[in-house]
Amino acid sequence: MGLFEQLFGHTHKDMPALLPAIERAVNQVEPLLKHTSGYHNDYYKPVSTALDYAHSLANSVPGPVTLNRESYASDSFVHALFPSVDFVVDAFCTSQSMRDYYHNHPDTDQLYALMGMRRFEKSVMGMQLSGEVIQRDVVQKIVYFTSHTLENPAATEQEAREQVALSFFDNLVGKVKKRVEARKQEMHAQQQEKDMLTSRLRSANIYTRPALEQEFSRLISEMQTTASSQDLSNYMEDFEAILLNPEQHLRIEQKSIVLDSMGIRYENSQSKTGKEILFNELIDFDRRNWTVTMVHCSQLQSESFADRLEQAYRRLAI
């Protein structure tokens, strides 16, 4: 049984199938948790909940859309994502995961992957047709996308989505780890404050000492609380806070935008030149939101495409 089958082929009554996912989550947050008694049972519910959610979220990513010169010309969604047809190929050649995949699978002729990009808007001055009159110096909003990134490439759509699901699961577990690290950083900051207060107490006089002693006593009480929170028995709260409520920490939201072929945004779908396009944004994956879609690329063995990929990989190796 492969990793993905082990992770996603479970039922809530089948603990053995979920063991790899529990160990994966525990290892990422705090490997010492594996030494606690019955940790598999303790973390079963939050891990299984997050894993089911990650799989469902990966399946909800739209697509796959085909990326090539033909789709750039015929598909308004693909056309909106790239400033020109040449950027379609550039998106693959600049992707680290794409270069690695092609280098490890040089005979592949097609693949599926998750593509994410950043969406921006800017105001420009342009012309607009109002009835039969051309209006000049009209403020318009242009929507454009940058930082196209391809992740989790695979030979089939199903395998690619399974890898995306695992990536989503790891992201949720990473948020658990951040909660734990925040407490450790708080303890470190409190220790530094304690050292400073200790130094000030050594040189304090009868007038300043009472206030410093009161502040020192308060700090010691806070440090005891922080230290107690770092006990391994309290980590369950961190897992449950994130993994039992995964939709609060990672989700996809749809946004409808009316665009024309130049990327100019209109406020409603009544525009004669604009077309309503639905974009899907991955919220809280990192500090910025990603517009995401599954993509399909074929004919990777074409001479120009293969050469550009190989050249990009060689530049990276150097």
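Tutor: Asn 152 is located in strand S3, which covers residues 133-154. In this predicted model, Asn 152 has a phi near 55 degrees, a positive value in a residue that is not glycine. The relative accessible area of Asn 152 is 15%, and because the limit for a buried residue is under 20%, Asn 152 counts as buried.

Asp 284 also has a positive phi, of about 70 degrees, without being a glycine. Asp 284 sits in the loop between strand S6 (275-283) and strand S7 (290-298). With a relative accessible area of 29%, Asp 284 is partly exposed.

A further backbone feature concerns a peptide bond. The bond from Gly 63 to Pro 64 is cis, with omega near 10 degrees. Pro 64 belongs to the loop between helix H4 (44-60) and strand S1 (65-66).

As for the packing, the largest nonpolar core comprises 42 residues, and Tyr 43, Phe 168 and Phe 169 have the most contacts inside it. Two or more residues of this core come from each of helix H2 (15-29), H4, strand S2 (110-130), helix H9 (157-202), helix H11 (235-243) and S7. H9 gives the most, with ten residues. Leaving aside residues up to four places away in sequence, Phe 169 touches Ala 21, Arg 24, Ala 25, Val 47, Ala 50, Leu 51 and Ala 54. Another core, of 26 residues, lies apart from the largest one, and Phe 82, Phe 92, Tyr 101 and Phe 145 are among its members. In soluble globular proteins, nonpolar side chains tend to be buried together.

Key:
Residues are numbered from 1 along each chain as its sequence is written. This is a predicted model: local features need pLDDT of at least 70, side-chain atom pairs count only at pLDDT 80 or more; totals for chains, interfaces and linings use all residues. Side-chain values use heavy atoms; hydrogens and water are left out. Helices (H or I, at least four residues) and strands (E, at least two) are DSSP runs, numbered from the N terminus. Buried means under 20% relative accessible area, exposed over 50%, partly exposed in between (1.4 Å probe, protein chains only). A nonpolar core is a set of buried Ala, Val, Leu, Ile, Met, Phe, Trp, Tyr and Cys residues joined through side-chain atoms within 4.5 Å. Contact means heavy atoms within 4.5 Å.
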